[in-house]
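Subject: Structure handover, salt bridges

Hello,

Please find the structure below, followed by notes on what was found in it.

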Amino acid sequence: MSGEASQLSQRRIEYLISIFRHSKKRGYARQYELIRDLGISKPTASLMVRKLRDEGFLEIRGGKVMLNQKGEKAIQEILWKHGVVESALVKLGLSRERACEVAWKIIQELSNETVMRIWEKLGLPDRCPCGYLFPKLGENVDVMSYEACLTFRRRRALDRLRRL
């Protein structure tokens, strides 16, 4: 039951999530948005976008970076894994923010089979502890109707504003 995202590194997942978030607005992302989101240089962004395209996750047309079908399937798997792992970590006593952050760091290390067992033990949740609905693995869904839970980023931004 390995899926599209099973062999993706944490960095590739970060790129795909950033592209996904920006694509929801208008169907595509621009490299400058990835540069801003991920705090990377233009050459670094160009190199990884080309790699993801060559690996079959993206299409690039006229400067527009778009997820293709394989990319959307990978996002579906990523969102499901994150939601399940975040739910498990909260149940184990972590705060929602910390669970969200840790889940993003470890999901690429867990097989779909492992996450499936966790999901079943949790009672098949369909929302992460932060309230975001996540897609079920393997179902035919419109992945663009979902949101990526990035609660830990919002918390960091609020903490920075409070320090000002």
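Asp54 and Arg53 form a salt bridge, with the closest N and O atoms 3.1 Å apart; the term means a side-chain nitrogen of Lys or Arg within 4 Å of a carboxyl oxygen of Asp or Glu. Asp54 is exposed at 59% relative accessibility, while Arg53 is partly exposed at 36% (buried is under 20% relative accessible area, exposed over 50%, partly exposed in between; 1.4 Å probe, protein chains only). Elsewhere, salt bridges with shared partners join Arg98, Glu101 and Lys105 into one network.

This is a predicted model, in which local features need pLDDT of at least 70 and side-chain atom pairs count only at pLDDT 80 or more, while totals for chains, interfaces and linings use all residues. Residues are numbered from 1 along each chain as its sequence is written, and side-chain values use heavy atoms, with hydrogens and water left out.

The whole structure has 10 salt bridges. One of them pairs Lys24 with Glu147 at 3.6 Å between the closest N and O atoms. This pair links distant parts of the chain, 123 residues apart: Lys24 is in helix H1, and Glu147 is in the loop between helix H6 (112–121) and helix H7 (151–163). Helices are DSSP runs (H or I, at least four residues), numbered from the N terminus. Lys24 is partly exposed at 25%, as is Glu147 at 43%.

Another salt bridge joins the side chains of Arg26 and Glu33 at 2.6 Å, N to O. Arg26 is partly exposed, at 34%, whereas Glu33 is buried, at 4%.

Regards

Methods. Helix = DSSP H or I, 4+ residues; strand = E, 2+ residues; numbered from the N terminus.
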